[in-house]
Amino acid sequence: MTLKNSKISVAHIFSMQNKINIIVSVDRNHAIGRQGDMPYHISPDLKRFKALTMGCPVVMGRKTFESLPKGALPGRRNIVITRDASYSASNIETVSSLDKAIELAQQADSDIFIIGGGEIYRQTMGIADNLFITYIDDAAEGADTFFPEIDSNVWDVTESSPFEVDERSGLKYKFVNYTRKLG
């Protein structure tokens, strides 16, 4: 089986030593974005993101990259997918397709993290090994970007924290990790 619009076969992806991980924060409606930004900024979620992705290649779309407040994420290889061949920014590598991004990320001796946006998540759900989800107990007003549904026939919950309250925002959140079911 080959990914839609892709030259990478699923068999090839699963034979790779680098695990492909998706990391994302979602609200009750699976919203992940609003007008080019994240609807929520929860400190423990951002700390978890940094701890999990540090030292690993991060793959993202151009809009996600442009939403980062300080540009490229330090301590990580930043791979940005864009159709604009002339696009450039400090401390990033650009590629024209998800296939090329995964190929480039595989050069690292570490796991790969997919960090957004919505279309990149949709394209990688079929090849990801793990999902690191932060569930936020709220519904973002004006959300315009959403994470795909998580199929319980495909994914097992491997860890789940209880809901906690973010001191700054007062929002309830919890961390849930999923692993792709075998077979």
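Mentor: Start with pairing: two strands pair if DSSP finds at least two bridges between them. Helices (H or I, at least four residues) and strands (E, at least two) are DSSP runs, numbered from the N terminus.

Trainee: How is this model to be read, and how are residues numbered?

Mentor: Residues count from 1 along each chain as its sequence is written, and this is a predicted model, where local features need pLDDT of at least 70, side-chain atom pairs count only at pLDDT 80 or more, and totals for chains, interfaces and linings use all residues. Side-chain values use heavy atoms, with hydrogens and water left out.

Trainee: What is the mean pLDDT of the protein?

Mentor: First the term: pLDDT is the predictor's confidence in each residue, from 0 to 100. Here the mean is 92, and 91% of the residues reach 70 or more. Residues 1-16 fall below 50; this stretch has 24 contacts in the model beyond near neighbours in sequence. A contact means heavy atoms within 4.5 Å. Where pLDDT is low, the predicted coordinates should not be read in detail.

Trainee: Back to pairing. Which residue of strand 7 is the bridge partner of Asn 21?

Mentor: That partner is Asn 130. Strand 1 (20-26) pairs with strand 7 in the parallel sense, over six bridges.

Trainee: How many bridges join strand 7 to strand 11?

Mentor: Seven bridges join them, and these two strands run antiparallel. Ile 133 stands opposite Val 176 in strand 11.

Trainee: Which way do the residues of strand 7 point?

Mentor: In a regular strand the side chains alternate between the two faces of the sheet. In strand 7, Asn 130, Phe 132, Thr 134 and Ile 136 point one way. Leu 131, Ile 133 and Tyr 135 point the other way.

Trainee: How many residues of strand 7 are buried?

Mentor: Buried means under 20% relative accessible area, exposed means over 50%, and partly exposed is in between (1.4 Å probe, protein chains only). Seven of the seven residues of strand 7 are buried.

Trainee: Now a helix. Which residues of helix 2 are buried?

Mentor: An α-helix has 3.6 residues a turn, so residues three or four places apart point the same way. In helix 2 (residues 43-53), the buried residues are Asp 45, Arg 48, Phe 49 and Thr 53. They cover an arc of only 110 degrees around the axis, so they sit on the same side of helix 2. That arc is taken from the directions from the helix axis to the C-beta atoms.

Trainee: What do these buried residues pack against, and what does the opposite face carry?

Mentor: The buried residues of helix 2 pack against several strands, including strand 1, strand 7 and strand 11. The face turned away from the buried side carries the exposed residues Lys 47 and Ala 51. After helix 2 comes Gly 55, with a positive phi near 85 degrees.

Trainee: Where is His 30 found, and what is it in contact with?

Mentor: His 30 is in the loop between strand 1 and strand 2 (31-33). His 30 is buried, at 14% relative accessible area. Leaving aside neighbours within four places in sequence, its contacts are Thr 145, Phe 146, Phe 147, Pro 148 and Glu 149.

Trainee: Where does Pro 148 lie?

Mentor: Pro 148 lies in the loop between strand 8 (145-146) and strand 9 (155-160). Pro 148 is buried too, at 17%. Not counting residues up to four places away in sequence, Pro 148 touches His 30, Tyr 121, Arg 122 and Met 125.

Trainee: How many salt bridges are there?

Mentor: A salt bridge puts a side-chain nitrogen of Lys or Arg within 4 Å of a carboxyl oxygen of Asp or Glu. The count comes to six. Take Arg 28 and Asp 137: their side chains meet at 2.9 Å, N to O. This pair links distant parts of the chain, 109 residues apart: Arg 28 is in the loop between strand 1 and strand 2, Asp 137 in the loop between strand 7 and strand 8. Arg 28 is exposed at 53%, whereas Asp 137 is partly exposed at 28%.

Trainee: Which residues are linked with Arg 28 in a network of salt bridges?

Mentor: Asp 137 and Lys 172 join Arg 28 in that network. The side chains of Lys 172 and Asp 137 meet at 3.8 Å, N to O. Lys 172 lies in strand 11 and Asp 137 in the loop between strand 7 and strand 8, so the pair ties together parts 35 residues apart in sequence. Lys 172 is partly exposed, at 37%.
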